[in-house]
Amino acid sequence: MTEHNDRDLGERFHALRREDAAAAPALHATFAAARARAATTPRRRTLALGAAAIVLAGVALALLLARRAVPTGLATVRLRTPTDFLLALPNEDLLRTVPELGRVTITLDRRTP
Amino acid sequence: MSPEAPELDLEQELDQLHSAAFGWALACCGGDRAAAEDALQASYLKVLDGRARFDGRATFRTWLFSVVRYTAAGQRRRAALRRWLPLAVLGATPDGRPDAATELARADGTRRLTAALATLPRRQREVLHLVFYQDLTIAEAAEVAGVSLGTARTHYERGKAALRKLLKDEPA
């Protein structure tokens, strides 16, 4: 029993139900089609899996080839720009090394007053 | 703890519900008869070979309708995928639209009803079908549609109002 009192809509839907029931396929035909489907499903699944495997292998191959084509040593290449000299400091070695006793690392520019 | 699965003669149960299940499959497939038959066959196959198992928590009818709905949704997803991937080996692609032959065979009143239903959102359409066509309660419709009772009630009220408006606005 429905929880409403909408007879007009109910009647329209019931008319639709009667039409659908008259056009419904026979149950035995549906069972037969379902069983035939069960017999063909493994073959279709194998074909689908095969197609998916081919697509995956293609993608993997394309990725591999693309990876080979790109130079991978970019991080080790130092880009020298025309204004690099502005960043060069006098005695910049001092910033990169640890001073040791008895070892002179500073080279004084004698021309400096 | 779930109750014990009742012993059922599945073929007999399906026989009793066959025309109702076909109507529901048609509703789930947007009136596309070929897709509905396909969904029904796949659903019966799941039921008969035990991939879908009735555990007695709902009535057999609401459980079967859930299986049909789930199967039809799977078909729709695969059909949508096939439209993007032209893989002929996967078979023909149902478009989920009412087929012309089915529509032509309908009486005028029911054709107007199906046309109006086709403009509603899927959930509203499903709940209205379950309540008015299948004579389920809103609670049972919620169970089949996989939504809460409150959500089903909302879909029912909104769908009913929209359907009334569409049927009222239609040319006589």
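This is a predicted model: local features need pLDDT of at least 70, side-chain atom pairs count only at pLDDT 80 or more; totals for chains, interfaces and linings use all residues.
User: At what angle do helix α6 (residues 122–133) of chain B and helix α8 (residues 149–169) of chain B pack?

Analyst: Residues are numbered from 1 along each chain as its sequence is written, with chains lettered from A in the order in which they are written. Helices are DSSP runs (H or I, at least four residues), and axes are lines fitted to C-alpha atoms over the stretch in contact, with angles from 0 to 180 degrees between N-to-C directions. The axes of α6(B) and α8(B) lie 8 Å apart, at an angle of about 90 degrees.

User: Is that arrangement roughly parallel or roughly perpendicular?

Analyst: Angles under 35 degrees count as roughly parallel, over 145 as roughly antiparallel, 65 to 115 as roughly perpendicular and the rest as oblique. The angle here is about 90 degrees, which makes α6(B), relative to α8(B), roughly perpendicular.

User: How many residues of chain B are in contact with chain A?

Analyst: Contact requires C-beta atoms, placed from the backbone, within 7 Å. On the chain A side, α1 and α2 (27–69) each supply at least two residues. Chain A has 29 residues in contact, and the number in chain B is 33.

User: Which element of chain A has the lowest mean pLDDT?

Analyst: Chain A as a whole has a mean pLDDT of 79, with 79% of its residues at 70 or more. Helix α1 (residues 7–23) of chain A has the highest mean among its elements, 90, and the lowest, 76, belongs to helix α3 (residues 93–96) of chain A.

Technical notes: pLDDT is the predictor's confidence in each residue, from 0 to 100. Two residues are in contact if their C-beta atoms, placed from the backbone, lie within 7 Å.
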